[in-house]
Amino acid sequence: MKILVVEDDPEISAFVREGLNEAGYITTVCRDGERALRLALTVPFSLILLDIMLPTMDGTTVCRRLREAGMNAPILMVTACSAIPEKVSGLEAGSDDYLVKPFDFEELLARVRALLRREHTRKQSRIEIADLIVDTAKRTVSRAGRDISLTGREYSLVEALATHAGQILSRRTILERVWVNEDTVSNTVDVFIKNLRKKIDLGGSRRLIHTVHGMGYVLRSEDAVPD
């Protein structure tokens, strides 16, 4: 599992990164808010550890922008402030949990594991993006109450996009997740995306499957992606 650590203090970020790596996670460190926002919308992270006080953009704004873009990975906010209003602000922006500095790494790790377990359980049953519902237990997809008939491969592609809603998946990432080691032609992903758009977006109230030129595809409810 990939975890994004957004922390501008080099000592804290190094400490957290080392501990998470030892626990078996793949960890990426980012030290400013705007870059963290772009990165989180590009790479399919399993969880984001997000400090509030950051250069260029504060963590609460990053969290809110990620949720507005449809990114649904768990967000654990970290701050040196224990004031209730700041906690409420972070939770209202879309964070899943809150941890106050200084913290014991074992507590951080326990919270990370709990959030990942919760997310795994949630993803096993139902994913909702706008009026699109992906039932991962039944392997069915519907939009605005209308059942959508998909092939097995089309469903796997929708689930991969929905699992990382709001995050851009490159063609290579999609091939690795949906086709694994099977031989494919260069435009395989593009052809399947085109077919999915006909089934999911045609006649819908808004487009959900978006092309991000030079990067890949993303499933989200809004058209705008931060620069």
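Hi everyone. Let me start with a definition: a residue counts as exposed when its relative accessible area is over 50%, and as buried when that area is under 20%. Keep that in mind while we walk through this structure, which is a predicted model.

Our opening stop is Thr 56. You'll find Thr 56 in the loop between strand E3, residues 47-51, and helix H3, residues 59-68. Is Thr 56 buried or exposed? Its relative accessible area is 52%, so Thr 56 is exposed. Its backbone is worth a look too: Thr 56 is not a glycine, and yet it has a positive phi of about 70 degrees. As background, most residues other than glycine have a negative phi.

Ala 130 is another non-glycine residue with a positive phi, here about 55 degrees. Ala 130 sits in the loop between E6 and E7. With a relative accessibility of 41%, it counts as partly exposed.

The peptide bond leading from Lys 101 into Pro 102 is cis, and its omega is near -10 degrees. In general, most peptide bonds are trans.

Now please turn to helix H1, residues 10-22. Which residues of H1 are buried? They are Ser 13, Val 16, Gly 19 and Leu 20. These four cover an arc of only 135 degrees around the axis, so they are on the same side of H1. Glu 11, Glu 18 and Glu 22, on the other side of the helix, are exposed.

Both ends of H1 have something to show us. The N-terminal end is capped by Asp 9, which places a side-chain oxygen 2.9 Å from the backbone nitrogen of Glu 11. Just after the helix comes Gly 24, with a positive phi of about 100 degrees.

Next, let's go inside. The largest nonpolar core has 25 residues, and Leu 132, Val 134, Leu 161, Ile 174 and Leu 219 are those with the most contacts inside it. Several elements give two or more residues to this core, including strand E7 (132-135), helix H7 (171-179) and helix H8 (188-200). Which element gives the largest share? That is H6, with six residues. Apart from this core lies another one, of 24 residues, among them Cys 30, Cys 63, Ile 75 and Tyr 98.

Let's zoom in on Ile 174. Leaving aside residues up to four places away in sequence, Ile 174 touches Leu 157, Leu 161, Leu 169, Trp 179, Val 189 and Tyr 217.

Strand E10, residues 209-212, pairs with strand E11, residues 216-219, in the antiparallel sense over four bridges. Ile 209 has Leu 219 as its bridge partner in E11, and Leu 219 is one of the core residues with the most contacts. Three residues lie between the two strands, and Gly 214 in this hairpin takes a positive phi near 80 degrees.

Note on methods: Residues are numbered from 1 along each chain as its sequence is written. Side-chain values use heavy atoms; hydrogens and water are left out. Two strands pair if DSSP finds at least two bridges between them. Buried means under 20% relative accessible area, exposed over 50%, partly exposed in between (1.4 Å probe, protein chains only). The arc is that of the directions from the helix axis to the C-beta atoms. A polar contact is a pair of N or O atoms within 3.5 Å; within protein, one must be able to donate a hydrogen and the other to accept it, and residues adjacent in sequence count only if both atoms are side-chain atoms. A nonpolar core is a set of buried Ala, Val, Leu, Ile, Met, Phe, Trp, Tyr and Cys residues joined through side-chain atoms within 4.5 Å. Contact means heavy atoms within 4.5 Å.
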